Amino acid sequence: MTALDAANEVPENALDRDLAAVTHAFDLGEITEAPQYLADGLMNRNWRISTSRGCFAVKQIIDVPPGTVRRNLGTLSALATDGIPVCTPLVNTSGDTVAEIDGRGYCVIEWVDGAHVRGSDLPLDQVALLGEQLARIHRALAENAPAPVPAVPPVAEVTGAAKAVAAADRYLATVTALDDPTAFDRSVAEAMEARKQLLGKYGDLHPLGEVPAGPYGWTHGDFQYRNILWRQGHVAAVLDWDRLRVRPYAEEVTRTAQVQFGVEGRFDLERVSAFVSGYRRVIDLSAEDLADGVRRLWWKRMTDFWQLCFHYKRGDDSFDDLFLDDEALLHWWTGRLDEVQVAMTG
């Protein structure tokens, strides 16, 4: 299935044609309630299904190769043994964690009750617990790595300001060529003009070099509220390990802080600081390593247009609101680079 094919489907109904095959492949028993579509996921599709065997989460895999999903699911048992709250993946009747049905991939995991809580809604003590949890995940992945960590640090491309301006101009041209632009299209045009101004003013603050500072290893890759379940003040489960790969630890710490606590166009700096402090109680990343991570993340946001790629090149408007929110945050952040860096370095 291509990304465009997936985008043109009605997500809630995508499981209908394969439901019988999925339940048979994983020997789930008889369906006792209609599948409930879970709208929290952005990339893949998820449903809660109730059967005679119990409750399960079914995921349709869209944007990750099945082989990568198999590798990642195979890591979860070792993490659970190390005390990381993960959901147990089911093995199908062929001994596989992924069922491929007419080119569409599915996996099934045990259902865990809990709530997705936005970062700004977490009390400060739970924010610190979240930071500790991320550090424990990094430590557990180091001890149960799905593959050896490369001896050479990962490289992070630093997009030049001129290249980013050229990309903004291309999206401006796309919007200008529309016969009947929407309110979103008009917002994009304004945003691209404003982004070009930021790039012109702050282009000399780009990160130096393409090798990030600090330690690196296997990381979750998308540790944020949509993939975290809370129950009774504790993390009940960490979900969606599709993006498990080797990264600098500072990259995941700063990205998580941004996604969790960059809300309504600004950072909750008190919670950012509590989160990073919680992480450093378990893994003591240096202030210099974190400063490098936050600068690289800010520049990545300054030069990246991935949501617009989905909208204009793939016909997928799932990320339109996220683009507008991130654009507001970028401007707020750029005007307070020093304040954000102090909060992110603990």
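Q: Where is the place of aspartate 102?
A: Helices and strands are DSSP runs numbered from the N terminus (H or I, at least four residues, for a helix; E, at least two, for a strand). Aspartate 102 is found in the loop between strand 4 (99-101) and strand 5 (104-110). The structure is a predicted model, in which local features need pLDDT of at least 70 and side-chain atom pairs count only at pLDDT 80 or more, while totals for chains, interfaces and linings use all residues. Residues are numbered from 1 along each chain as its sequence is written, and side-chain values use heavy atoms, with hydrogens and water left out.

Q: Does aspartate 102 count as buried or exposed?
A: A residue is called buried under 20% relative accessible area, exposed over 50%, and partly exposed in between (1.4 Å probe, protein chains only). Aspartate 102 counts as exposed, because its relative accessibility is 68%.

Q: What is the phi of aspartate 102?
A: Most residues other than glycine have a negative phi. Aspartate 102 is not a glycine, yet its phi is positive, at about 50°. Aspartate 27 also has a positive phi, near 50°, and is likewise a residue other than glycine. Aspartate 27 belongs to the loop between helix 2 (19-25) and strand 1 (31-38). With a relative accessible area of 48%, aspartate 27 is partly exposed.

Q: How many salt bridges does a search of the whole structure find?
A: Side chains of opposite charge can pair when their charged atoms come close. A salt bridge is counted when a side-chain nitrogen of Lys or Arg lies within 4 Å of a carboxyl oxygen of Asp or Glu. The search of the whole structure gives 17 salt bridges.

Q: What do the side chains of aspartate 242 and lysine 59 form?
A: Aspartate 242 and lysine 59 meet through their side chains in a salt bridge of 3.3 Å, N to O. This pair links distant parts of the chain, 183 residues apart: aspartate 242 is in the loop between strand 8 (234-238) and strand 9 (245-248), and lysine 59 is in strand 3 (residues 54-61). Aspartate 242 counts as buried at 5% relative accessibility, and lysine 59 counts as buried at 10%.

Q: Which parts of the chain hold arginine 70 and aspartate 96?
A: Arginine 70 and aspartate 96 form a salt bridge between their side chains (2.9 Å, N to O). The two residues are 26 residues apart and link distant parts of the chain, with arginine 70 in helix 3 (residues 66-81) and aspartate 96 in the loop between helix 3 and strand 4. Arginine 70 counts as partly exposed, at 28% relative accessibility.

Q: With which residue does arginine 271 form a salt bridge?
A: The partner of arginine 271 is aspartate 268, and their closest N and O atoms are 3.0 Å apart. Arginine 271 counts as buried, at 16% relative accessibility.

Q: Which residues does histidine 138 touch, not counting residues up to four places away in sequence?
A: Contact means heavy atoms within 4.5 Å. Histidine 138 touches Trp218, Thr219, Tyr249, Glu252, Tyr279 and Ile283, when residues up to four places away in sequence are not counted. Histidine 138 lies in helix 4 (residues 124-143) and is buried, with a relative accessible area of 0%. Its C-alpha atom is separated by 11 Å from that of proline 215, which stands 77 residues apart from histidine 138 along the chain.

Q: Is threonine 303 buried or exposed?
A: Threonine 303 is buried, because its relative accessible area is 10%. Threonine 303 is placed in helix 9 (residues 287-303). Apart from neighbours within four places in sequence, threonine 303 is in contact with Thr159, Ala164, Arg195 and Leu199.

Q: Where is the place of threonine 334?
A: Threonine 334 is in helix 11. At 3% relative accessibility, threonine 334 counts as buried. Leaving aside neighbours within four places in sequence, the contacts of threonine 334 are Leu198, Tyr202, Trp298 and Met302.

Q: Is threonine 32 buried or exposed?
A: Threonine 32 is exposed, as its relative accessible area is 53%. Threonine 32 has its place in strand 1. Not counting residues up to four places away in sequence, threonine 32 touches Ser50, Thr51 and Ser52.
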